[in-house]
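Hi everyone, thanks for coming. I'd like to walk you through a structure that may be new to you, so please take a look at it with me.

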Amino acid sequence: MALPSAVFTEIVTTTRRERIKTWSDNMANNNALLSRLKKRGKMKTIDGGYEIVYPLEYAENATYQRYSGYDTLNIQASDVLTAAKYDWRQAAVNVTASGLELRQNNGKNAMLDLVKSRLNVAMKTMSNNMSQDIYSDGSAANQVGGLQLLVADNGGGVVGGINSATQTWWKNVVQDANAPLQGGGAITPSKSTIKSLMNALYIELVRGNDKPDLIVSSNDYFIFYEESLQDNQRYGDEQMASSGFVSLKYKTADVVFDGGSKGGGIPDAHMYFLNTDYLKFVSHRDANFTEVAEKTSVNQDAVVIPIIWQGNLCCSNRSLQGVLLDNGT
């Protein structure tokens with residue numbers, strides 16, 4: 001007869017196998033940015049490497065010239081490519097059971113209920129914490145570099161191993177209401193001013209067909225924008241709405257709030273204007289919310305089954321990402 005721990009492992013494995021898509025969906029649908037990246041095929045798995053390497057086009061080809069007849073053409077090599085390198089970050093959540101619990105739930109049906117409840121808690125825990133990390137500045141130990149790093153409040157910082165203090169092309173755009181891009185004095189964000197702040201930032205982020213497709217907002221700025229629309233209110237992407245996100249429209253971009261009553265990790269008084277063509281959520285193929293073999297404690301009557309993730313949030317063009325905030329508050 002199988003030991004209770006063996007039954008526990010068997011049911012966790014079977015249930016997890018049935019729930020792999022649920023885990024993936026749960027991660028994405030807990031966060032507006034991840035939901036959009038998933039929809040656009042920007043959630044990527046890779047099979048290894050010391051770092052996550054992201055090729056960048058950082059300059060134009062310098063050999064373009066106008067010429068006539070036998071003029072000499074410029075054939076000098078143009079240095080137009082570099083790479084951002086993102087460190088692997090790791091996270092884990094553990095499905096645990098004590099020997100007492102295993103023996104109390106020895107029957108398969110009882111064990112199945114135990115496993116499902118523990119897996120549900122594990123999924124919620126991983127989702128909530130990952131959502132916090134996606135908006136972080138990556139300063140906590142082993143934390144994902146989130147939007148506060150990639151789309152920094154001051155536009156600068158070292159991201160992907162590139163220092164934007166010396167490589168100014170690697171800065172993101174900042175619309176500070178205290179010193180607005182459109183000039184003039186400070187503007188207090190409100191329902192009557194939010195669109196003027198958004199308009200000036202949006203223009204700075206348009207390059208040909210490149211333009212923001214997602215605006216992720218804190219609750220307060222989202223309310224300002226929603227109130228500013230009045231009778232002209234337009235709702236956005238139905239797929240965003242079906243994932244649980246209230247979505248409005250600004251030009252061609254969807255506007256969503258990702259704070260919620262408990263806070264989703266996005267700081268107050270922030271709007272992120274994102275071009276998700278240049279963002280990817282990268283996971284390792286062997287650690288993509290993957291179950292690890294059961295571990296038995298040497299000094300406890302208990303078993304642990306870790307579920308692990310390894311990856312990072314990566315950006316390949318910071319200059320087309322922007323943040324609206326008020327540094328005067």
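Let's begin with one residue. Arg207 has a relative accessibility of 44%, so it counts as partly exposed. Please keep in mind throughout that what you see is a predicted model.

Where does Arg207 sit? You'll find Arg207 in the loop that runs between helix H6 (194-204) and strand E8 (214-217). And which residues does Arg207 contact, once we set aside neighbours within four places in sequence? They are Tyr278, Asn317 and Leu320. Take Leu320: it is 113 residues away from Arg207 along the chain, yet their C-alpha atoms are separated by 8.1 Å.

Asp210 and Arg207 form a salt bridge, and their closest N and O atoms are 2.8 Å apart.

How many salt bridges does the structure hold? There are ten.

Arg36 forms a salt bridge with Asp213, with 2.7 Å between the closest N and O atoms. Arg36 belongs to helix H2 (residues 32-39) and Asp213 to the loop between H6 and E8, so this pair ties together parts that lie 177 residues apart in sequence. Are these two residues buried or exposed? Both Arg36 and Asp213 are buried.

Here is another pair to find on the screen. Asp301 forms a salt bridge with Arg103, and the closest N and O atoms are 2.5 Å apart. Asp301 is in the loop between strand E13 (295-296) and strand E14 (302-315), and Arg103 is in helix H3 (residues 99-104), so here the parts tied together are 198 residues apart in sequence. Asp301 has 47% relative accessibility, so it counts as partly exposed.

Let's turn to the nonpolar side of things. In soluble globular proteins, nonpolar side chains tend to be buried together. In this model, the largest nonpolar core has 50 residues, and the members that touch the most others are Leu33, Tyr86, Met130, Leu274 and Leu313. Which helix gives the most to this core? That would be helix H4 (residues 108-134), with eight residues.

If you click on Tyr86, you can follow its contacts beyond four places in sequence, including Ile52, Leu150, Val159, Trp170 and Leu313. Another core, of 22 residues, lies apart from the largest one, and among its members are Val173, Leu205, Leu229 and Leu324.

Finally, let's step back to the whole protein. It has eight helices and 15 strands. Of its 329 residues, 45% count as buried. Among contacts with a separation of 6 or more, 73% are between residues 24 or more positions apart. The accessible surface comes to about 16800 Å², and carbon and sulfur atoms account for 48% of that.

That's my tour, and I'm happy to take your questions.

How values were computed: Residues are numbered from 1 along each chain as its sequence is written. This is a predicted model: local features need pLDDT of at least 70, side-chain atom pairs count only at pLDDT 80 or more; totals for chains, interfaces and linings use all residues. Side-chain values use heavy atoms; hydrogens and water are left out. Helices (H or I, at least four residues) and strands (E, at least two) are DSSP runs, numbered from the N terminus. Contact means heavy atoms within 4.5 Å. A salt bridge is a side-chain nitrogen of Lys or Arg within 4 Å of a carboxyl oxygen of Asp or Glu. Buried means under 20% relative accessible area, exposed over 50%, partly exposed in between (1.4 Å probe, protein chains only). A nonpolar core is a set of buried Ala, Val, Leu, Ile, Met, Phe, Trp, Tyr and Cys residues joined through side-chain atoms within 4.5 Å. Accessible areas come from the Shrake-Rupley method with a 1.4 Å probe; for residues, only the protein chains shown count as cover.
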